[in-house]
Amino acid sequence: MSFARKIFVIVSMCALLTAAFVFGGDIGNKACAAPAKVLKVGTNVGYVPFEFKTDNKSELQGFDIDLIKKAIAEKMNYRVEFYDYVFDDLITALNNKEIDVIISAITVTDERKAQISFSDPYFSSGLAIVAGKNSKINSLSDLEGKTIFVERGTTGAEVAKTVSGANVLEFDSLSDKFLIIKHWNSAALITDRPVIEYVLSSDKSIDGLKILGKNLTHEEYGIGIRKADKKLQQEINAALKNLKNSGEYDRIYDKWFK
């Protein structure tokens, strides 16, 4: 068969398959459609309400998950694949090209900006202290000489390490630590206020806790991107802007924080 003949046959087959799709089948769509672009997204599962699972069999859910699906999958025509990492390993995985972007309630800091680029900020937050209602801990200074639970590699860990004489315990996840400090009057936990508020409102077994005063910090979250991926950074920023202008961002926010 000549080369021209081969081309004719291939084109004819696609035409027939497309016709089959139009008139009730889907085989043409699978055979001739361009392959979907895949974006590998790194995150730290278990950080409610941003990225978590309610059980081992459920799909990944949360504010960050909804946001990246809307901003990337829909607005940029990507198929998203999620990869679960320990929070402290996310930047290394990104720069090693194991993943394409990071979304994990990651605060934009000068130290992190030296290693990776960020999208425009998409969420405002701040660190807070949570302790047992019966404890005498009412401020950061009250934690001197006491035990502080934090997540490894976070800004909460950095703040805790500034407290004189504190025993700072770092973990890959804090999900089971709230119940511990409920019964430990000489311990507290430092993490993002939205996380604390969500946990306290959704888990009635830990109603013996209190959030202390005002936020310790003001922080902005960004989507992490490799420094070399300037085009992807621009595309994500454009998608985020579109998401906010359309009102979709507010709908996602209200779903998780209202």
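The questions and answers below go through a predicted model of one protein, from its overall make-up to single residues.

User: How many helices and strands does the secondary structure of the protein come to?
Analyst: The model is a predicted one, and its 258 residues include 43% that are buried. Among contacts between residues at least 6 apart in sequence, 68% join residues at least 24 apart. The secondary structure of this protein comes to 10 helices and 12 strands.

User: In which sense do strand β7 and strand β8 pair, parallel or antiparallel?
Analyst: Strand β7 covers residues 147–151 and strand β8 covers residues 167–171, with five bridges between them. Together with helix α6, residues 155–160, these two strands make a right-handed β-α-β unit. The sense in which β7 and β8 pair is parallel.

User: Which residue is the bridge partner of Phe149 in β8?
Analyst: Phe149 lies in strand β7, and β7 pairs with β8. Leaving aside neighbours within four places in sequence, the residues in contact with Phe149 include Phe171, Trp184 and Leu169. The bridge partner of Phe149 in β8 is Leu169.

User: Which parts of the chain does the aromatic pair of Phe50 and Phe123 tie together?
Analyst: The structure holds 20 aromatic pairs. In the pair formed by Phe50 and Phe123, the rings are 5.2 Å apart centre to centre with 90° between the planes, which is edge-to-face. Phe50 lies in a loop and Phe123 in a strand, so the pair ties together parts that are 73 residues apart in sequence, namely the loop between β1 and α3 and strand β5.

User: Which residues form one aromatic cluster with Phe50 and Phe123?
Analyst: Phe50 and Phe123 are both buried. One member of their cluster, Tyr249, has the charged end of Lys244 over its ring, 5.4 Å from the centre. The residues that form one aromatic cluster with Phe50 and Phe123 are Tyr47, Phe63, Tyr122, Tyr221, Tyr249, Tyr253 and Phe257.

User: Over the ring of which residue does the charged end of Lys177 sit?
Analyst: Lys177 is in contact with Phe149, and Phe171 is in contact with Phe149 as well. The charged end of Lys177 lies 4.2 Å from the centre of the ring over which it sits, and that ring belongs to Phe171.

User: What is omega for the peptide bond that joins Val48 and Pro49?
Analyst: Most peptide bonds are trans. Pro49 is found in the loop between β1 and α3, and the bond that joins Val48 and Pro49 is cis, with omega about -5°.

User: Is Lys97 buried or exposed, and which is Ala105?
Analyst: Most residues other than glycine have a negative phi, whereas Lys97 has a positive phi of about 65° and Ala105 has one near 50°. Lys97 lies in the loop between α4 and β3, and Ala105 in the loop between β3 and α5. With relative accessible areas of 65% for Lys97 and 5% for Ala105, Lys97 is exposed and Ala105 is buried.

Definitions and conventions. Residues numbered from 1 in each chain as written. Predicted model: local features only at pLDDT ≥ 70, side-chain atom pairs only at ≥ 80, totals over all residues. Heavy atoms only, no water. Helix = DSSP H or I, 4+ residues; strand = E, 2+ residues; numbered from the N terminus. Buried < 20%, exposed > 50% of the residue type's maximum accessible area, 1.4 Å probe, protein only. Contact = heavy atoms within 4.5 Å. Pairing = 2+ DSSP bridges. Right-handed = clockwise from strand over helix to strand, strands pointing away. Phe/Tyr/Trp six-rings, centres within 6.5 Å; stacked < 30°, edge-to-face > 60°. Lys NZ or Arg CZ within 6 Å of the ring centre and 35° of its normal.
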